[in-house]
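Please keep the structure open while you read.

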Amino acid sequence: MKNIAVAGILLFLAVGILSCKKMLDVPSHRALTEENMWQTKNDARAGLSACYALMRAAMCNENAHWVYGDLRGGDFQSTKRGDIKAVVESNLNATFSTMSEWRDWRRFYAAIAQCNLTIAKLPQVTVSDYRYSQNDLKLDISQAIYIRAFLYYYMVRIWGDVPLVTKVADGTTKNIVREKWEKVLDYAAAEAKTCIDGLPWRYNGQSPEQQGDYRGQGESHHKSITITKGMAYTLLAHIYTWNGSYDKALEYANIVINNASNAAYNFVSVNDLTRLDGAFRGRYDCNIFQVDMNFDHAEMSSTGQLEDWTLRDPYIPKTESEIYVPRDSILKIYGEPHEQRPDYFFTKIEDTYPIFFKMKQINTSVTNPVLKMYTSCIIVFRYEELYLLRAEAKARLGMTTEAQQDLNRIRNSRALKNINAATTGEALLDAILLERRRELMGEGWYWYDLVHFKRIPQYTKLTQADVDKGAAYWPLSQEALSNNPSLTQNSFWK
């Protein structure tokens, strides 16, 4: 985040990573004394900024967000890369260095360790620095609590049962078992509820939770990035959807949608979603929660973003992209009359390898023809996605007409007609799943949707027997298993 010294962030990153290793893998010796780090308001800011930075690193490492959320669904295919092909084919034990990275959860636990440390240490800053008020404390702790809850929700969808680490490491080696995913989600939901009271709807200085310019910046700096009530309620809606508590999912989705004007959320046109400097540039009304990659804040990257895999000449100096959506798939998925999204999501559809063109935030101020810098954010939660989540919750609760209305709201915004009123039950759920597939392609949702909707056997080569053995989840890394004897491998991958 802006205005935080790089040295300060690196200091806290180091502490977080050391704590992660101590808690989950191997013993390590503390090289820095934490007591000297949490004395001033700037220390507090650096500690919280490290939580955000480590979360982003975990999600972006080797394009992990899209590997976990999109590739196994099969819409995207690999041109030549064996590691990507292995993911598409669910050959997750393949021996590629990138596969080892994707199987490894330590980056996520490094972020969680930093959150644990920040939550524990922030209160002492109010004692040593009078400038750090109780209001600052509550707001900053609430953000760290949210990030920790979000990371547990995120990991449960990848690995299922995961260790639940909620306290700062004490310097001793511990063998920590995997907790049932239901327990982990219960914890994440409780934490998300805990942080709500400390968060504003917007960082406009007009709420008791956030007064004045937060960190010296106005609302436009924080929009969709710094944690808000809307993000916490949206996370709760997703947690309860994943565990099948649709009445609660509907309750929290309704809170967000009913407060859309307070939070400044709105739908986005397909043109504004996909254009250069559009929604993927960030801070758009449709973006409830994004992980920022902002050129102005030196957060751009030459790797770790989807454009590096999807684009090619003439947009970047690469003759062939790593992944693509086949033409036949595009025509099938977007086969309804008047469907407009293919014209915005793809280009060169007639080529052997069509270009997925939905994200194309290439920084044009960088003149180096070889090293292109990408600035597209990861849109984690989007307003259209929340509407489709609410449509599913209503459909599963028997609120058929209301579910159709939410689904039609998205369809109409993309020039499609209302769904047939006779579409009910499983057919309605299939229609919602299809609309999520169309609207959210490339945004890291499709595989999780197949898992959640229980449609893996219908759309992939995995059988129901495979799913029952745990094939939907990723295997644990061999290093994690070797260093922590209390861990057990997901059954399908043994």
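In which sense, left-handed or right-handed, does helix 10 pass helix 17? The crossing is left-handed.

**How confident is the prediction?**

This is a predicted model, and its average pLDDT is 90. A score of at least 70 is reached by 88% of the residues. Residues 1–23 have a pLDDT below 50, and this stretch makes 65 contacts in the model beyond near neighbours in sequence. Residues 25–32 also fall below 50, with 16 contacts beyond near neighbours in sequence. Please read those two stretches with their scores in mind.

**Helix 10 and its two partners**

Helix 10 covers residues 229–242, and it packs with helix 8 (residues 181–196) and with helix 17 (residues 383–396). The table sets the two pairs side by side.

| Pair | Axis separation | Crossing angle |
|---|---|---|
| Helix 8 and helix 10 | within 9 Å | roughly 160 degrees |
| Helix 10 and helix 17 | 11 Å | about 40 degrees |

Let us take helix 8 to begin with. Angles over 145 degrees count as roughly antiparallel, so helix 8 and helix 10 are roughly antiparallel to each other. Their crossing is left-handed. On the helix 8 side, the residues that meet helix 10 include Trp-181, Leu-185, Ala-188 and Ala-189. On the helix 10 side, those that meet helix 8 include Ala-232, Tyr-233, Leu-236 and Ile-239. By class, this contact has 14 nonpolar residues, no polar ones and two charged ones.

Turn now to helix 17. With an angle of about 40 degrees between them, helix 10 is oblique to helix 17. Here Thr-234, Ala-237, His-238 and Thr-241 of helix 10 meet Glu-385, Leu-386, Leu-389 and Glu-392 of helix 17. The residues of this contact divide into three nonpolar, three polar and two charged.

**A closer look at Tyr-240**

Is Tyr-240 buried or exposed? This residue of helix 10 has a relative accessible area of 6%, so it is buried. The C-alpha atom of Tyr-240 is separated by 9.7 Å from that of Ala-393, although the two residues are 153 residues apart along the chain.

**Backbone details worth a look**

Most residues other than glycine have a negative phi, and most peptide bonds are trans.

Ser-90 is not a glycine, yet its phi is positive, at about 60 degrees. Ser-90 lies in the loop between helix 4 (82–88) and helix 5 (97–103). Its relative accessibility is 10%, so Ser-90 counts as buried.

Ala-264 also has a positive phi, near 65 degrees. You will find Ala-264 in the loop between helix 12 (260–263) and helix 13 (270–274). At 18% relative accessibility, Ala-264 counts as buried, because the cut-off is under 20%.

Where does the model place a cis peptide bond? The bond from Asp-313 to Pro-314 is cis, with omega near 10 degrees. Pro-314 sits in the loop between helix 14 (307–310) and strand 5 (323–324).

Notes: Residues numbered from 1 in each chain as written. Predicted model: local features only at pLDDT ≥ 70, side-chain atom pairs only at ≥ 80, totals over all residues. Heavy atoms only, no water. pLDDT = per-residue confidence, 0-100. Contact = heavy atoms within 4.5 Å. Axes fitted to C-alpha atoms, helices over the stretch in contact; angles between N-to-C directions. Helix = DSSP H or I, 4+ residues; strand = E, 2+ residues; numbered from the N terminus. Parallel < 35°, antiparallel > 145°, perpendicular 65-115°, else oblique. Left-handed = near helix turned anticlockwise from the far one by under 90°. Nonpolar A, V, L, I, M, F, W, Y, C, P; charged D, E, K, R; others polar. Buried < 20%, exposed > 50% of the residue type's maximum accessible area, 1.4 Å probe, protein only.
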